[in-house]
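Dear colleague,

I am passing on the structure we spoke about, and below it I have set down what was found. Please read the notes with the structure open beside them.

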Amino acid sequence: MVEWFSAGQTAREITEASFASHDLSVSTSIAKAGNRVRAKLAELLECDADDVYVVGSTKFGVSLLHGHGFVSGEADLDLAVVSSPIFGRIKREAERVSGGFLHDHAFNGQRTPGKRTASAVRATLIRDIQHSVIHAECLPELPIRRELLGFCADAKATEHAYFSRVSVAFYRSADAFLASQSQRVVAFTKARSLSRAPNGAAAAGYSDALTWDEFLGHPFCSDGRLVGLLQRLGDLCSLSYSYVMPTSVDIGNGCGFDVLAFHNGVLDGVQPSHFFQLTGEFAEKGISVRMVPVGLIPHMAATVTANAMLTAMRELGESMVSRRLMVLAP
């Protein structure tokens with residue numbers, strides 16, 4: 001498992017060594033399945049098979065972001081296409097059909113009722129492109145998007161014994177790809193080094209995270225009903241202790257907050273109606289709650305926290321996170 005990780009190496013060195021070949025840190029049968037899909041994608045895109053990489057838990061045998069090991073039949077197969085010409089062609093087409101990334105209607109097919117709007121998908125695509133990556137599911141209505149989603153569905157059906165989902169991302173350059181993967185290596189190695197340290201936001205390196213008791217003294221907690229809701233959420237998720245971040249909360253403008261509730265994956269005795277009732281009360285105050293399982297490896301809670309932060313930053317925008325995000329984490 002993650003045999004490329006050696007002491008004394010930088011994250012970039014680990015990443016470069018990992019992707020110097022297409023070897024996968026999973027069983028032979030799983031590796032063959034992953035490479036079959038990789039070869040078929042290269043054929044679809046008419047590119048060199050060496051430009052298509054398997055990433056994620058199928059590559060390393062463990063998810064660098066979530067910390068859990070590869071589970072056959074439940075894991076994702078994430079593919080990365082590293083090709084400047086292909087990236088440029090897809091970007092130009094997306095820009096053309098969306099009027100220079102200005103028109104939401106081009107993204108209507110990517111809406112998820114109650115979760116994300118066409119505008120949010122468009123904003124995500126713009127931010128991704130700024131970081132030299134394009135995720136197929138965020139593309140506007142394009143022939144290549146339909147082909148890719150069809151390809152992913154077919155690959156999932158064919159290799160369902162190994163993968164529950166197949167995804168494709170495009171990178172502008174090898175440097176952009178390696179930089180992206182290096183960030184995941186940093187998160188993973190940091191989480192492993194903290195196996196004996198407290199879990200959660202503070203362990204993930206967020207020095208401005210408050211403990212639950214510290215947070216209760218924050219001016220934001222002058223709203224007693226909100227504190228009660230947060231305490232009920234903590235009880236629901238069986239949180240033994242919690243962190244809330246960040247400290248720089250603007251309480252004067254009435255803005256909403258996102259609460260990321262990290263739970264242990266076993267919510268014994270919790271009825272869905274209880275959760276829906278609680279989240280409904282949060283919604284009345286303009287607060288959105290997201291439930292994130294920490295997995296079965298306790299010290300990976302730090303990695304999950306970091307991953308959820310990255311997701312929130314993509315969806316809300318980095319400038320918004322500093323004033324809108326609170327985290328409850330075990």
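A residue is called buried here when its relative accessible area is under 20%, and exposed when that value is over 50%. By that cut-off, buried residues account for 49% of the 330 residues in the protein chain. Please keep in mind that this is a predicted model, and that the values below were computed from it.

Taken as a whole, the protein chain contains twelve helices and nine strands, and it exposes about 15500 Å², of which carbon and sulfur atoms supply 52%. When contacts between residues at least 6 apart in sequence are considered, 77% of them join residues at least 24 apart.

Strand β1 (residues 52–55) pairs with β2 in the antiparallel sense over four bridges, and in β1–β2 terms valine 54 stands opposite leucine 79. Strand β4 (residues 163–171), by contrast, pairs with β2 in the parallel sense over eight bridges, with alanine 75 standing opposite phenylalanine 163 in β4.

Conventions:
Residues numbered from 1 in each chain as written. Predicted model: local features only at pLDDT ≥ 70, side-chain atom pairs only at ≥ 80, totals over all residues. Heavy atoms only, no water. Pairing = 2+ DSSP bridges. Helix = DSSP H or I, 4+ residues; strand = E, 2+ residues; numbered from the N terminus. Buried < 20%, exposed > 50% of the residue type's maximum accessible area, 1.4 Å probe, protein only. Contact = heavy atoms within 4.5 Å. Areas by Shrake-Rupley, 256 points an atom, 1.4 Å probe, with all protein chains shown as cover.
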